Amino acid sequence: MKKVLALPFIFLLSLLLCSCNTADSQKDIEKDTNTPDIASQGKTAHGSKLLEPYADVRGIGETITLKPGEYNTKDINTYWFNQNTNFEGNEELAAKILENGKAPGLNVSKLHAQGITGKNVTVAIIDQPLLPDHPEYTGKIVKYHTVGLTENDSKGSMHGPAVASLLAGNTIGTAPDVKLYYVALKFWDRTAPSMTAQALDWLIGQNKELPDSDKIRAVSISADLTNSDNFDNHGDYDEAVKRAQDAGILVLDCRKDFDTCVFWPSFFDPEHRDDITQSKIGTPDGDFQECPPQALGTPVGYRTTAEAYQEGEYSYSYDAIGGHSWAIPYGTGILALGWQINPSLTGTRMITLMRETAYENADGDLFIDPSAFIDAVRSTLQ
């Protein structure tokens, strides 16, 4: 488990949103604290112990320098690091790993090369605040709306830029040409289910004013807002989800609900990112092994995401582990590719096609197969 310093409370609860049990919640709380505690990693900067695999060595607002002998070169691709992390003697290797991590894998880039990029498709994200001018997604956010945020709340987060880039990022996203509605709220608050309900109702209201060609097709919510250990007012959220579904908006989240839990953490071989036969359920550190039967393994590990905590300071972060949060925007982007091909298909039909075309390995695990899905969508036009 990654160990990090305690920071202001705004950052502490991001990735617990997608946890499915108490153990995952605790890990996710720690994962979204934004400054690594080098001392807790074994005094790597000023001591003798080597960094363990999957250690968090991001530099937030400062440079973290790791000297030879303080880390294993072979483990660099397992660490959680950003552009402020300096692996002395292996700068080029770290830069290559971070750059390669931008590729979504599973032949998604080949679909982009064919012009299948989510163009003219509108989707939404409900998540934590983000600064909208990161080069990965600047100009793509049609409207940025907030619920419950005040001037005293941070304008940025780790979580917001990450999910936005995984869906709509120019070099990272599965659907780089989508039009994006983004609602930011206090996911660190116990009343987040009620705020998310307000966000869904806002999106429903927006859709009423939009022509059919511009309607919001789906909303990515990287959270399990029914987790009673972390949130209250679950019923508010459940009722709003039904309202959104009745209004034709596909809701995708981290609950184990059949209709909304479509995407589950998985990872590919980082050296063969397009080879779906190398995909495995869970995360590289062994979490998220119990995939619900209706959910599809969706790549979250060995990925690079956008990072922005201060206005005008835009960078990237690489993480081998990922989490359930990363699966939802990835999968939502793949759905957007399908809607570009056939915009007449409903969200329910899209999910059916995605499940029907999933890759199944020898263990019976199912994985999202973007190319097979797009072929199936094309077949609906015949």
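UniProt positions are given in the numbering used here, and such annotations may be inferred rather than shown by experiment. With that in mind, the model examined here, which is a predicted one, can be read alongside its record. For "active site", the unreviewed UniProt entry lists D127, H159 and S325. Although these residues are spread over 199 residues of sequence, they cluster in space, with a largest C-alpha distance of 10.0 Å.

Two of the listed residues can be followed in more detail. D127 lies in strand β4, which covers residues 122–127, while H159 belongs to helix α4, made of residues 159–168. D127 has a relative accessibility of 0% and therefore counts as buried, since buried means under 20%. H159 also counts as buried, because its relative accessibility is 0%. The side chains of D127 and H159 are joined by a polar contact of 2.7 Å. Leaving aside neighbours within four places in sequence, the residues in contact with D127 include H159, G160 and V163, along with Y182, V183, A184, L185, F187 and S222.

Attention now turns to a pair of helices. Helix α7 spans residues 324–341 and helix α8 spans residues 347–356; their axes come within 11 Å and cross at roughly 105°. The two helices, α7 and α8, are therefore roughly perpendicular to each other, as angles of 65 to 115 degrees count as such. On the α7 side, G331, I334, L335, G338 and W339 take part, and they meet G347, M350, I351 and M354 of α8. The residues of this contact divide into six nonpolar, three polar and no charged.

Notes. Residues are numbered from 1 along each chain as its sequence is written. This is a predicted model: local features need pLDDT of at least 70, side-chain atom pairs count only at pLDDT 80 or more; totals for chains, interfaces and linings use all residues. Side-chain values use heavy atoms; hydrogens and water are left out. Helices (H or I, at least four residues) and strands (E, at least two) are DSSP runs, numbered from the N terminus. Buried means under 20% relative accessible area, exposed over 50%, partly exposed in between (1.4 Å probe, protein chains only). Contact means heavy atoms within 4.5 Å. A polar contact is a pair of N or O atoms within 3.5 Å; within protein, one must be able to donate a hydrogen and the other to accept it, and residues adjacent in sequence count only if both atoms are side-chain atoms. Axes are lines fitted to C-alpha atoms, for helices over the stretch in contact, and angles run from 0 to 180 degrees between N-to-C directions. Angles under 35 degrees count as roughly parallel, over 145 as roughly antiparallel, 65 to 115 as roughly perpendicular and the rest as oblique. Ala, Val, Leu, Ile, Met, Phe, Trp, Tyr, Cys and Pro count as nonpolar, Asp, Glu, Lys and Arg as charged, and the others, Gly among them, as polar.
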